[in-house]
Amino acid sequence: MLVQFATPVYCQSQFCGPTVEAQEDLAEEYDDVAEFVHVEIWRDYEESTVNQAAADWLLRDGDLTEPWMFLIDADGVIVERWGPLFDLDDVRASLEA
């Protein structure tokens with residue numbers, strides 16, 4: 001499973017939109033290899049309420065960085081993680097492996 005935590009509309013770094021689009025492209029290329037999941041960061045941006053899943057995975061000492069992408073194997077083990085900047089060729093190589 002390739003899971004990406006990103007908020008394309010409200011991203012602080014402005015990298016989220018392109019990475020979400022890239023994940024969509026990867027999903028088309030590797031639809032027979034993995035499940036692809038996008039987790040939106042905000043439950044309510046105007047109220048500054050972060051989704052619980054995003055908080056559990058990304059919030060550290062009150063700081064939230066994004067985007068992050070995790071490759072999780074069939075046993076539920078995180079085998080790769082990328083963020084906030086990453087090279088899609090690295091992600092492709094991991095998916096192919």
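# Close-up views of a predicted model

**View 1. Proline 8 counts as partly exposed, because its relative accessibility is 36% (buried is under 20% relative accessible area, exposed is over 50%, and partly exposed lies in between, with a 1.4 Å probe and protein chains only).** The model is predicted, so local features need pLDDT of at least 70 and side-chain atom pairs count only at pLDDT 80 or more, while totals for chains, interfaces and linings use all residues. Residues are numbered from 1 along each chain as its sequence is written, and side-chain values use heavy atoms, with hydrogens and water left out. Proline 8 sits in the loop that joins strand S1 (2-5) to helix H1 (16-29) (helices, H or I with at least four residues, and strands, E with at least two, are DSSP runs numbered from the N terminus). Setting aside neighbours within four places in sequence, proline 8 contacts Cys16, Gly17, Val20, His38 and Glu40 (contact means heavy atoms within 4.5 Å). The C-alpha atom of proline 8 is also 9.0 Å from that of glutamate 21, although 13 residues separate the two along the chain.

**View 2. Proline 18, threonine 19 and glutamine 23 belong to helix H1.** With a relative accessible area of 49%, proline 18 is partly exposed, and its C-alpha atom stands 7.8 Å from that of proline 8, a residue 10 places away along the chain. Threonine 19, by contrast, is buried at 11% relative accessibility, and, not counting residues up to four places away in sequence, it touches Gln4, Ala6, Pro67 and Phe86. Glutamine 23 is likewise buried, with a relative accessible area of 5%. Beyond its neighbours within four places in sequence, glutamine 23 is in contact with Leu2, Val3, Gln4, Phe36, Val37, His38 and Met69.

**View 3. An open sheet of four strands runs in the order S2-S1-S7-S8, with mixed pairing (two strands pair if DSSP finds at least two bridges between them).** Strand S2 (36-39) and strand S8 stand at the edges with a single partner strand each, so one side of each has no neighbour in the sheet. On average, neighbouring strands of this sheet are turned by 15° against each other, direction ignored (axes are lines fitted to C-alpha atoms, for helices over the stretch in contact, and angles run from 0 to 180 degrees between N-to-C directions). Strands S1 and S2 pair in the parallel sense over four bridges, and leucine 2 has phenylalanine 36 as its bridge partner in S2. Helix H3 lies across S1, S2, S7 and S8, and runs at about 170° to S8.

**View 4. The largest pocket holds about 170 Å³ of space.** A pocket here is an open set of points on a 1 Å grid over the protein atoms alone, reached with a 1.4 Å probe and having protein on both sides within 12 Å along at least five of seven lines, while lining residues have an atom within 4 Å of a point. Grid points are joined across faces, edges and corners, and the volume is the space filled by probe spheres set on the points. Strand S7 (68-72), strand S8 (78-82) and helix H3 (88-96) each supply at least two lining residues, and H3 gives the most, with three. The lining includes Met1, Val33, Leu71, Asp73, Glu80 and Leu95. By class it has nine nonpolar, one polar and two charged residues (Ala, Val, Leu, Ile, Met, Phe, Trp, Tyr, Cys and Pro count as nonpolar, Asp, Glu, Lys and Arg as charged, and the others, Gly among them, as polar).
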